[in-house]
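Dear colleague,

I am handing over the structure below, and my notes on it follow.

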Amino acid sequence: MRIDTGAGSILCDPWVNPAYFASWFPFPDNSQLDWASLGKVDYLYVSHLHRDHFDAAHLRQYIAKTATVLLPEYPTSQLEDELRELGFTRFIKTVSNEVVELDGGLKIMIQALTSPTDGPIGDSSLWVEYDGLRLLNQNDARPSDLSVFAELGHVHAHLLQFSGAIWYPMVYELPEAAKTAFGKQKRDRQFDRTWRYIDDLKASRVFPIAGPPCFLDEELWQFNDIHGDEGNIFPDQSVFLAEYRKIGRDNGVVLLPGSLATVSETDCAVSHPVADLDEFFANKEQYLKDYRERQRPVIEAAKLSWRHPEVDILAEMKRRIEPLLDESIYLANGVGGPVRFDLVGYDGHSVESIVVDFPGKEVRPYADEKVRYRFRTERSLVEHLLFVEEVDWVNSLFLSCRFSAARIGQYNEFVYAFFKCLSEERLQYAEGWYDEHERTTDAEDVTLDGWTLQRRCPHLKADLTRFGIIDGGTLTCQLHGWKFDLASGRCLTSVGHPLRARRADGVSSADLSTSVEAAPDGASAG
Ligand code: FES
């Protein structure tokens with residue numbers, strides 16, 4: 001998205017090239033826009049380092065290096081370092097939640113979220129004000145509430161994510177019916193969360209952005225929402241509008257690449273690059289097939305580049321991961337068991353099984369044991385991760401959806417948190433964050449539907465008076481969909497994270513149900 005004002009232009013997250021092992025492509029195709037002129041901007045805002053927001057090749061080639069980067073306040077310097085490497089030299093280092101006055105009366109504020117589960121350790125939203133008009137590009141960030149933006153005055157344009165951006169539940173080795181049921185739950189929850197944010201801000205216009213991606217490799221084609229699968233987690237902008245209308249709202253505005261929305265106090269005039277938006281979405285399947293043909297050579301070339309037969313995977317994983325296991329306390333304890341990788345060879349059937357043994361603090365061949373998680377993927381992908389020294393396997397392998405997974409027991413956020421922290425700097429940050437989080441218990445209690453419970457969600461501190469839904473004896477926090485058994489306080493979605501709760505009337509509630517299947521939604525890109 002490019003924001004043009006009388007005091008300068010801001011280009012936000014220009015993503016064009018496929019991300020995550022050539023699995024995600026922008027939908028619709030934006031590669032044919034006039035990037036040479038779109039890239040001549042005053043300011044650049046890259047919300048975070050997920051590869052569908054930070055497109056290094058595109059930034060290098062098309063975006064003016066004279067642009068001033070509006071930098072979120074992140075705990076690690078990786079975003080700034082990578083942008084400097086691309087040739088950007090001008091930076092405004094913002095402070096989270098503080099308004100910055102730029103030249104000509106343009107004001108901006110960036111809210112940075114910094115938990116280990118926010119994006120690749122950090123996600124952010126950009127607020128902009130010019131000439132009495134305000135815009136919030138919430139993007140795919142999930143703040144616990146939007147009050148800090150609402151307090152700055154009425155917002156005229158609210159741009160936010162509404163679709164899925166994760167591998168769950170598609171990659172899990174589950175019966176189809178269960179997969180569909182979990183997918184449907186997730187799809188519903190994504191919309192519920194979106195409505196909640198929209199209700200929080202009450203902007204004049206709402207723009208569904210930051211997704212969904214589309215999948216153009218044949219191997220991933222089934223993830224596109226074109227097969228009538230009600231468990232598909234990637235509904236598109238037209239589905240958003242239809243669902244939004246069902247709850248009685250008519251201020252949603254869809255943008256395609258090349259659309260222009262002119263926002264004023266009272267109006268929003270929109271022009272599109274196509275004559276008929278409904279027809280465009282009605283022809284989505286054919287559109288994707290044509291897009292797939294155009295991108296076929298790109299995908300084929302990418303696949304060839306992942307093979308590095310000279311990489312000794314076991315030795316290399318030992319070298320890179322064992323020192324981190326040694327240092328890890330919270331993440332290693334949180335995982336609590338071995339995690340197995342089954343790597344399928346170039347021939348398509350030979351398999352090497354490697355275990356990352358968190359309690360034993362070592363990486364070794366699989367020894368016919370029970371494991372917490374099992375991932376099955378192509379050997380070449382892991383060779384590539386090791387070859388390029390990737391420090392974030394979520395922002396590469398897992399988001400690619402080019403794997404299948406099985407687990408015993410609950411979703412375990414620590415597994416994914418560890419594999420996004422494969423560097424000393426990241427691991428230390430995550431360990432410190434969990435340590436502090438554990439020690440700062442939120443003392444405030446509230447009463448909801450006959451239960452007295454802590455106000456802040458044990459996951460990432462969402463305000464449960466806004467995000468908590470109680471059904472029977474179960475509390476669901478709608479920010480990421482985590483569930484808690486109120487009677488015991490047990491988290492039903494992930495290991496740890498107990499909730500403080502009791503019946504407000506003091507009546508015993510031991511007979512309440514405690515059986516709920518986990519439905520993780522911890523990480524997100526898109
Ligand atoms: S804050 Fe994530 S589920 Fe509550």
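Against which helices do the buried residues of helix 14 pack? They pack against helix 3 (78-85), helix 9 (313-327), helix 10 (330-335) and helix 13 (413-419), where contact means heavy atoms within 4.5 Å. This is a predicted model, in which local features need pLDDT of at least 70 and side-chain atom pairs count only at pLDDT 80 or more, while totals for chains, interfaces and linings use all residues. Residues are numbered from 1 along each chain as its sequence is written, and side-chain values use heavy atoms, with hydrogens and water left out.

Helices (H or I, at least four residues) and strands (E, at least two) are DSSP runs, numbered from the N terminus. Helix 14 covers residues 424-439 and reaches 23 Å from its first C-alpha to its last, close to the 22 Å expected at 1.5 Å a residue, the expected span being 1.5 Å times one less than the number of residues. Among its buried residues are Arg 426, Trp 433 and His 437, buried meaning under 20% relative accessible area (1.4 Å probe, protein chains only).

Helix 9 also packs with helix 11 (residues 379-387), at an angle of about 40° and with the axes 10 Å apart; axes are lines fitted to C-alpha atoms over the stretch in contact, and angles run from 0 to 180 degrees between N-to-C directions. Helix 9 is therefore oblique to helix 11, since angles under 35 degrees count as roughly parallel, over 145 as roughly antiparallel, 65 to 115 as roughly perpendicular and the rest as oblique. Ile 313, Glu 316, Met 317 and Arg 320 in helix 9 meet residues of helix 11 including Val 382 and Leu 386.

Technical notes
Buried means under 20% relative accessible area, exposed over 50%, partly exposed in between (1.4 Å probe, protein chains only).
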